[in-house]
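Please look through the sequence and the model shown here before reading on. The paragraphs after it are meant to be read with the structure open alongside.

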Amino acid sequence: MLKLEGITTFYGTIQALKNISIKVGAGDIVTIIGANGAGKTTLLKTVSGVIQSAGGAVWYQGTNIVHFSAAKIVSMGISQVPEGRQLFSHLTVLDNLHLGAYLYHNRKFKDEIEEKLDWIFTLFPILRKRAKQLAGTMSGGEQQMVAIARALMSRPKLLLLDEPSMGLAPLFVHEIFKVIRRLNDQGTTILLVEQNARAALQIARYGYVLETGTVALEGLSQELLADKKVRQAYLGK
Amino acid sequence: MDLQSQIVQYLVTGLTLGSIYAMVGLGFTIIYNATGIINLAQGEFVMFGGLIMVFLTATLRIPMFLAFFITLALVTVIGIIYERVFINPLKQTSLITLIIVTVAVSIFFRGIAMFIWGKNPYSLPPFSSGKPIMFAGAAILPQIFWVLGLSLLTVILMNLFFNRTITGKAMSACAGNRLAASLMGINVSKMILLSFALSATLGAIAGASITPIALMEYDRGPLLALKGFCAAVLGGLGLGTGAVVAGFIIGIIESFSAGFISSGFKDAIALIILILVLFIKPSGIFGSEEVGKVKQF
Ligand SMILES: Nc1ncnc2c1ncn2[C@@H]1O[C@H](COP(=O)(O)OP(=O)(O)O)[C@@H](O)[C@H]1O
Ligand SMILES: [Mg+2]
């Protein structure tokens, strides 16, 4: 479904990604783990089209989308839950959700948006009660739910998640990962970026280890969980 | 004139001034909401609105009604060119630099206006003929109804736009979080352009409608921008309705202090109110602490 080939991305003269190649099959959960500064966020931003890559290709359902605009990429079914949630904190939860479906806001999709909202509220019941609250005034865990819900409003086939567990209490992490699994069961393909390597590898089928902008290691999650180097560097053993 | 008719007269003048400040304040708010930029060339939109209207009606002899819409279109185009030439290429720059750029643009605009129209003020006949209406001993110019009506209409339309339409919300999403806005598929650059265009249109409406009462000259902008800025800040920067109400309050206070104290002080009044309010309530009269926390200015 998604295939990166030799992706290279710069910030000015700093090279953040060097010749990255990864693959995500339809219906799969794939994770990218790595330390702070490894280039995980840059990778997702490159896929979403908010950063332009200097070389390489991003194949999505057979099309090279590497030079497509962010809007075009969203409309093709790739949606991102960015690192640090990035909510519109001065707007209400409901406004945030509606903006998630920004590209579908015309008469043709009116009922569909309402249906989507209903579905979101069954996924995250608390958001129904908080719909009129300003997004910035909610707790970290609730904000993460809004961020995921907002990304789901654009009907993604492929969901990119950037460290959804960051800064959350264990209970919330559990909750969020349950939702990710459920979304996957319902057919959404997941590319999950995490520093919480254990949780990520437990949920994913396949994993990539990113180190200073290159893929250092890849393999089935089971293999990575058992790998001595991974255990030392990322699982604290 | 007895006291009662004096009060009515000042009130009407205050409302008229206030509606102009409200529109300038709203113009500030729109660009601020989309970009976080304080556009200090906002007053120049008003000035262009007045002077272009004069040019179209007095020099080209285009009928008033038609000239009004051509003026709006031209000033809107000025706003669009302004954004594309001076703001858009500086995407990576800090907000404070961009604000300084707006000051430079305002000086540039004044230069152009002085070159074209010189330094003298111009007058414009009122939109509709008719004698002043006598009300409670005060004389009310028919043009005042045009000013009030147009600004009221504009304010209502803007409110609907920002609170009821997804485009309006998307625009404020751009200022709130640019990265997230683009991840939602919002074309941020287009939204910013739209905010400058809308702001320019607002300025033009204010300028074209006030000129028959207050005249217009090339350097009227900064003072108007100052008052409008006060209105925007007092209204709790970012809140359209707040800016409008604050604009009217400033206009009325200014008119009464000019009448009862001294007209020499009237321009200082807005600033004194601004400073006092910011001391007591930094988020503005209508701003909430909650929202204040997430703002950059
Ligand atoms: N906006 C930026 N400008 C310059 N360098 C950046 C920027 N964002 C990230 N970097 C650099 O790129 C590298 C990768 O960053 P990032 O993708 O955020 O890593 P991760 O998400 O894995 O923590 C880091 O060395 C970081 O310092
Ligand atoms: Mg990151």
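This is a predicted model: local features need pLDDT of at least 70, side-chain atom pairs count only at pLDDT 80 or more; totals for chains, interfaces and linings use all residues.

Residues are numbered from 1 along each chain as its sequence is written, chains are lettered from A and ligands numbered from 1 in the order in which they are written, and side-chain values use heavy atoms, with hydrogens and water left out.

The magnesium ion, ligand 2, is coordinated at 2.0 Å by OG1 of Thr41(A) and OE of Glu83(A), where donors are N, O and S atoms within 2.8 Å of the metal (3.2 Å for Na, K and Ca), and where sites may look incomplete because water is not among the atoms. Thr41(A) lies in helix H1 (residues 40-48) of chain A, whereas Glu83(A) lies in the loop between strand E6 (78-81) and helix H3 (93-100) of chain A, so the pair ties together parts that are 42 residues apart in sequence. Helices (H or I, at least four residues) and strands (E, at least two) are DSSP runs, numbered from the N terminus.

Thr41(A) counts as partly exposed at 22% relative accessibility, and Glu83(A) counts as partly exposed at 28%; here buried means under 20% relative accessible area, exposed over 50%, and partly exposed in between (1.4 Å probe, protein chains only). As for the helix that holds Thr41(A), 7 of the 9 residues of H1(A) are buried, so H1(A) is largely enclosed by the rest of the structure. Among the buried residues are Lys40(A), Thr42(A), Leu43(A) and Leu44(A), and just after H1(A), Gly49(A) takes a positive phi of about 85°.

Between the chains, 19 residues of chain B are in contact (heavy atoms within 4.5 Å) with 24 residues of chain A. The area buried between them, that is, the accessible area (1.4 Å probe) that two parts lose on being put together, summed over both, is about 1,900 Å², of which carbon and sulfur atoms give 74%. Ile166(B), Leu183(B) and Met184(B) supply 36% of the area that chain B buries against chain A, more than any other three residues. The count between the two chains is 1 salt bridge (a side-chain nitrogen of Lys or Arg within 4 Å of a carboxyl oxygen of Asp or Glu), and Lys169(B) forms a salt bridge with Asp95(A), with the closest N and O atoms 2.9 Å apart.

Within chain B, Lys227(B), Glu254(B), Lys266(B) and Asp267(B) are linked in a network of salt bridges. Lys227(B) meets Glu254(B) at 3.2 Å, N to O, a pair that links helix H9 (residues 221-234) with helix H10 (residues 240-260) across 27 residues, and both of these residues are buried. Lys227(B) also pairs with Asp267(B), the closest N and O atoms being 2.7 Å apart, which links H9 to helix H11 (residues 266-280) of chain B. Asp267(B) is partly exposed, with a relative accessible area of 26%, and forms a further salt bridge with Lys266(B) at 3.6 Å.

Finally, Leu3(B), Ile7(B), Phe260(B), Ile261(B) and Phe265(B) make a nonpolar surface patch of about 510 Å². Such patches are made of residues with over 30% relative accessible area and no salt bridge, like charges being joined within 9 Å and nonpolar side chains (Val, Leu, Ile, Met, Phe, Trp, Tyr) within 5 Å. Leu3(B) is placed in helix H1 (residues 3-35) of chain B and counts as exposed at 52% relative accessibility.

Definitions and conventions: Accessible areas come from the Shrake-Rupley method with a 1.4 Å probe; for residues, only the protein chains shown count as cover.
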